[in-house]
Amino acid sequence: MPREIITLQLGQCGNQIGMEFWKQLCLEHGISPEGILEDFATDGTDRKDVFFYQADDEHYIPRAVLLDLEPRVIHSILSSPYANLYNRENIYLSKHGGGAGNNWASGYTQGDRLYEEVFDIIDREADGSDSLEAFVICHSIAGGTGSGMGSYLLEKLNDRFPKKLIQTYSVFPNQLEISDVVVQPYNSMLTLKRLTQNADCVVVVDNTALNRIATERLHLQNPDFSHINQLVSTIMASSTTTLRYPGYMNNDLVGLLASLIPTPRLHFLMTGFTPLTLGSVEQNQPSVRKTTVLDVMRRLLQPKNIMVSSQMRDRQSNHCYISILNIIQGEVDPTQVHKSLQRIRERKLAQFIPWGPASIQVALSKKSPYVQTSHRVSGLMLANHTSIVSLFERTCEQYDKLRKREAFLEQFRKEPIFKDNLDELDDSRNVVQELITEYHAATKKDYITWGTEKSAKESGKA
């Protein structure tokens, strides 16, 4: 029985990466931009109904809800060749179209105001599923709609669907560029609190690392959003292949995530992918010549292929892997996988936590027969690594600089949530600080006792 997944695309960034994701899925399942199954794809063994459902006229329609407070990106989707793919009833644009002005508080308040209308759409989609498993949210943490409205929806989804998984693909801002959004640290901090408390799994999409990969690995002089979004859609599509081309393992999202997330809060994952190519720019880049399983698995462990800019091999900080899941696509002999794992262990290519088993899980997945690739084997790594904490620490540093001076808070004070005081900001800072402390604790041997003592203290306070 299919376990359906509903995708929610929020704001400019969320809708752009969502659009690329659906393009990729249509390619992999042999579905035309109008949603019609191509003649060559009629007898496939793939499972389309995880992400699509069929309309009365045999069209395939994505289980997607598109939400934005300003119309530009959604209008560009509706004027693209893929305009007829989506169910128009699932597209919600704010009536006044003014957006959230890159302000978390404005996005959050508007989410509250539009609650009934938005959840009518989500409930209708959920009721149309036989066995709904999860919600996947695409959004950015730095702007207004994706962060503010995204935070509001995270809280409400948790209340309305307590037994459903919530996974997010959260885009973190580029730390090397000066942002044109001055309140970005506030927006990020407030969203991080919700991602910590209300999401079951957060796949971190770090713009700093994606820009680096596009310039260094793909040799693009000035990578633009379309290149970056293509990279993100590759990751999103690859991380769902075992759900769409089911084998005997990892057929559902719970099975995928269970091995990666040992304790509830440590659910921020980083990704790596190899060999990297972009369909549109494949001609002008030196490609990886040979791909064996060992080769792919070794490359996945190299920091330069990992799509989060963190100090993974920093000698001072003892950062280590909590768990790894490699999804290997292509024609692969399971004995090769076994040999590759042995080699990685012998050479100690990955440092693992001292309080648990060194777990590299491997899921083998079929490739889409409708997409031609120049490589025999490709691999995606989903990794839980303690060095991701450096992203949160960077956000805290930037936040503290602004908060100390109480800079740029006028727009926040206009919204109901900050009308009386700024406690919500300080509370979010505390939650993120606790998360940072927990990730550091996870690098030490006594993490389990640290955790039990902490929960004992908290229950004592309650």
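Student: What makes helix α3 largely enclosed by the rest of the structure?

Tutor: Eight of the 10 residues of helix α3 (residues 104–113) are buried, so the helix is largely enclosed by the rest of the structure. Buried means under 20% relative accessible area, exposed means over 50%, and partly exposed lies in between, with a 1.4 Å probe and protein chains only. A helix is a DSSP run of H or I with at least four residues, a strand is a run of E with at least two, and both are numbered from the N terminus. The buried residues of α3 are W104, A105, S106, G107, Y108, T109, Q110 and G111.

Student: Against which elements do the buried residues of α3 pack?

Tutor: They pack against α4 (115–127), α5, α6 and α14 (410–413). Contact here means heavy atoms within 4.5 Å.

Student: What kind of model is this?

Tutor: It is a predicted model, in which local features need pLDDT of at least 70 and side-chain atom pairs count only at pLDDT 80 or more, while totals for chains, interfaces and linings use all residues. Residues are numbered from 1 along each chain as its sequence is written, and side-chain values use heavy atoms, with hydrogens and water left out.

Student: Why is the protein chain called as compact as a globular protein of its length?

Tutor: The chain has 16 helices and 12 strands. Its radius of gyration is 22 Å, close to the 23 Å that the globule rule gives for 462 residues, so the chain is as compact as a globular protein of that length. The radius is taken over C-alpha atoms, and the rule is 2.2 Å times the number of residues to the power 0.38.

Student: Why is S147 called buried?

Tutor: S147 has 0% relative accessibility and therefore counts as buried. This residue lies in helix α5 (residues 145–160). Leaving aside neighbours within four places in sequence, S147 is in contact with W104, S140, I141, A142, N187 and T191.

Student: Why does R194 count as buried?

Tutor: R194 stands at 3% relative accessibility, and therefore counts as buried. R194 lies in helix α6 (residues 184–198). Beyond residues up to four places away in sequence, R194 touches several others, including W104, Y108, S151 and E155.

Student: What makes H219 partly exposed?

Tutor: H219 has a relative accessible area of 40%, so H219 is partly exposed. H219 lies in the loop between α7 (207–216) and α8 (225–239), and has a positive phi of about 55° although it is not a glycine.

Student: Why is F408 called partly exposed?

Tutor: F408 counts as partly exposed because its relative accessibility is 39%. F408 lies in the loop between α13 (389–405) and α14. Its phi is positive, about 55°, although F408 is not a glycine.

Student: Where is P275, and what is the form of the peptide bond from T274 to P275?

Tutor: P275 has its place in the loop between β9 (268–274) and α11 (293–300). The peptide bond from T274 to P275 is cis, with omega near -10°.
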